[in-house]
Amino acid sequence: VSQSRYGDLESPFLAFENEFEVIHHQIRQGEYHAVSAVDLNYKQLLILHKQCEEYVDKAFQNSAKFGISLKVNQSLLRIRQQLQRVKALLTYLVVEKPIDRKNNSILLALRLIRFNCQKNNVRQLFNESTQLIAYEITQHTARTGEHYITETRSAYFSMLKAALGGGFIVGFLCIFKLLFSKTEGSAFAHAVLYSLNYAFGFILIYLTGCTLATKQPAMTAATIVKSLEEGMRKSSAKEDNKHRSFARLFARLFRSQFIAFFGNVIMAFPVAFVLIWGIDQLWEVNIASEKAYTLLTDLSPIDSLAIVHAAIAGLFLFLSGIISGTISNANKHNRVYFRIKEHPVLKQTLGVAKTERIASWFTHYWPGVASNGWFGVFLGSTASLGIFFGLPLDIRHITFSAGNFAMGLYGADFHVAVPMLFWAIIGIGVIGFINFIVSFSLSLGLALRSRNIPFSELGLLFRATWKYFKKHPLAFFIPVND
């Protein structure tokens with residue numbers, strides 16, 4: 001990542017090695033077997049060491065432009081670690097007074113003991129090894145999440161329109177899944193059918209510019225952490241500024257989530273209802289009659305494992321965000337855009353302009369297509385995996401729950417006990433909240449760690465958000481002048 005821009009320059013590592021050989025020879029042949037702090041060769045060695053550190057820092061900075069692989073990341077971390085150790089050892093070569101020999105020996109022994117105590121720290125190794133990868137992943141999700149946070153009234157209603165479109169498509173997906181459940185086949189066959197149904201539906205929602213509300217938290221968490229990081233840099237004069245900025249941003253995020261949930265649910269319910277009614281009118285068959293009470297019971301947080309299943313869906317939402325960021329980072333590192341753009345066969349058969357459009361489309365849309373496809377596979381195969389392992393595994397998603405609620409009511413011919421109806425309605429809200437809080441919390445934790453922001457900041461942020469909510473409660477639901 002750094003060699004691509006600095007390959008024509010002399011490597012500071014080779015120069016450092018050559019200068020170190022000079023120092024080594026000087027110490028071995030000298031009378032005192034040490035160097036002075038004013039020695040020109042020693043000063044030159046320190047300058048070259050600093051250039052090596054800057055080279056590694058520049059490589060890490062370029063990862064935002066060129067991407068970074070796990071192998072390159074580990075190599076850079078290893079080089080940085082070796083440079084830190086060399087820098088520590090160089091200071092012990094300097095002897096100005098006889099007492100320095102004794103002091104240097106004691107300091108070296110203490111450092112070796114401290115290092116030996118930390119050499120088996122697996123947590124530190126894992127954190128250091130994955131931090132930059134996590135940063136690059138969350139960089140992509142942060143850029144994507146910016147589109148999911150509305151600020152103006154027009155953007156707010158545009159989000160509602162996109163959410164209505166997403167709910168419209170989900171209404172069809174609910175009907176398709178119910179029809180697939182009636183087909184004869186193994187658990188694996190059902191997993192394939194459900195996965196294809198979910199995957200194609202989610203990809204269609206993404207490519208048409210519609211919105212699935214639960215996909216947003218995994219993206220927006222990285223956005224608000226990125227904003228917090230920028231606020232921490234700028235608000236050194238007044239510490240509370242970054243917390244107030246966070247509260248205002250969270251209010252915009254919350255109302256965006258609220259209107260997206262509302263649009264999805266308010267559209268999925270009537271679409272699923274009209275479709276199941278139309279099938280009954282055309283073919284005189286109520287396709288939900290056999291599963292009506294199962295569909296309604298599965299929504300109840302007290303009569304089923306709806307909360308656990310909603311948390312599983314939240315985990316998959318988080319993983320789909322990780323997949324999107326990982327693919328985006330890999331595309332940058334492997335320079336996929338330029339490879340497609342300069343592909344000789346494509347340029348010859350399709351032309352330069354079309355090839356460039358294909359490369360641009362692949363760069364911008366493929367991470368989202370892949371993550372939505374895998375999200376569909378996760379949702380579609382969970383129940384079958386539960387059957388395979390003998391575990392009560394399943395998923396609950398707020399938009400699909402609204403569609404299932406409509407089908408359950410129609411399948412039961414509206415003969416539903418009031419307690420069942422009440423808990424089903426409550427369950428839809430609970431499922432949505434669990435979907436949101438699980439995916440948002442996991443994504444927020446990853447984003448905080450990727451930017452080295454202490455978790456102690458969360459208490460101050462929540463306090464500032466609560467204070468802002470008491471002053472401007474409507475700002476969390478509708479666009480207002482605050």
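What percentage of the 482 residues of the protein chain count as buried? In this predicted model, the share of residues that count as buried is 43%. The protein chain holds 18 helices and 0 strands, and it exposes about 26000 Å², of which carbon and sulfur atoms supply 64%. When contacts in the protein chain between residues at least 6 apart in sequence are taken together, 80% of them join residues at least 24 apart.

**Helix 12 with helix 15**

- Helix 12, which covers residues 306-333, packs with helix 15, which covers residues 352-389, at an angle of about 150 degrees, and their axes are 8 Å apart.
- Because angles over 145 degrees count as roughly antiparallel, helix 12 is described as roughly antiparallel to helix 15, and the crossing of helix 12 and helix 15 is right-handed.
- On the side of helix 12 the contact includes Ile312, Ala313, Phe316, Leu317 and Leu319, while the residues they and others of helix 12 meet in helix 15 include Phe362, Trp366, Pro367, Trp374, Phe375 and Phe378.
- Ser320, Ser324, Ser328 and Asn331 of helix 12 are also among the residues of this contact, as are Gly368, Ser371 and Thr382 of helix 15.
- By residue class, the contact of helix 12 with helix 15 divides into 15 nonpolar, 7 polar and no charged residues.

**Helix 8 with helix 15**

- Helix 15 also packs with helix 8, residues 187-207, and here the two axes come within 7 Å and cross at roughly 150 degrees.
- That angle makes helix 8 roughly antiparallel to helix 15, and helix 8 passes helix 15 in a right-handed crossing.
- The residues of the contact of helix 8 with helix 15 divide into 16 nonpolar, 10 polar and no charged.

**Helix 7 with helix 16**

- Helix 7, residues 153-181, and helix 16, residues 398-411, pack at an angle of about 60 degrees, with 9 Å between their axes.
- Helix 7 and helix 16 are therefore oblique to each other, and their crossing is right-handed.
- Helix 7 contributes Gly167, Val170, Leu173, Cys174, Ile175 and Leu178 to the contact, and helix 16 contributes Thr399, Phe400, Gly403, Asn404 and Met407.
- In the contact of helix 7 with helix 16 there are 7 nonpolar and 4 polar residues, and no charged ones.

**Residues linked across the sequence**

- Asp394 lies in the loop between helix 15 and helix 16, and its C-alpha atom is separated by 8.7 Å from that of Ala306, although the two residues are 88 residues apart along the chain.
- With its neighbours within four places in sequence left aside, Asp394 is in contact with His309, Ile312, Thr382 and Ala383; of these, Ile312 in helix 12 and Thr382 in helix 15 also belong to the contact of those two helices.
- Val430, found in helix 17, residues 418-450, is 124 residues from Ala306 in sequence and 8.6 Å from Ala306 in space, C-alpha to C-alpha.
- Val430 is partly exposed, since its relative accessible area is 25%.
- Arg80 lies in helix 4, residues 70-90, and at 30% relative accessibility Arg80 counts as partly exposed.
- Between Arg80 and Asp57 there are 8.8 Å in space, C-alpha to C-alpha, and the two are 23 residues apart in sequence.
- Leaving aside neighbours within four places in sequence, Arg80 is in contact with Asp57 itself, and also with Val56 and Phe60.

**Loop residues with a positive phi**

- Most residues other than glycine have a negative phi.
- Glu284 is not a glycine and yet has a positive phi of about 55 degrees; Glu284 lies in the loop between helix 10, 240-283, and helix 11, 292-297.
- Glu284 counts as exposed, because its relative accessibility is 71%.
- Asp413, another residue other than glycine, has a positive phi near 55 degrees and is found in the loop between helix 16 and helix 17.
- With a relative accessibility of 48%, Asp413 counts as partly exposed.

Technical notes: Residues numbered from 1 in each chain as written. Predicted model: local features only at pLDDT ≥ 70, side-chain atom pairs only at ≥ 80, totals over all residues. Heavy atoms only, no water. Axes fitted to C-alpha atoms, helices over the stretch in contact; angles between N-to-C directions. Helix = DSSP H or I, 4+ residues; strand = E, 2+ residues; numbered from the N terminus. Parallel < 35°, antiparallel > 145°, perpendicular 65-115°, else oblique. Left-handed = near helix turned anticlockwise from the far one by under 90°. Contact = heavy atoms within 4.5 Å. Nonpolar A, V, L, I, M, F, W, Y, C, P; charged D, E, K, R; others polar. Buried < 20%, exposed > 50% of the residue type's maximum accessible area, 1.4 Å probe, protein only. Areas by Shrake-Rupley, 256 points an atom, 1.4 Å probe, with all protein chains shown as cover.
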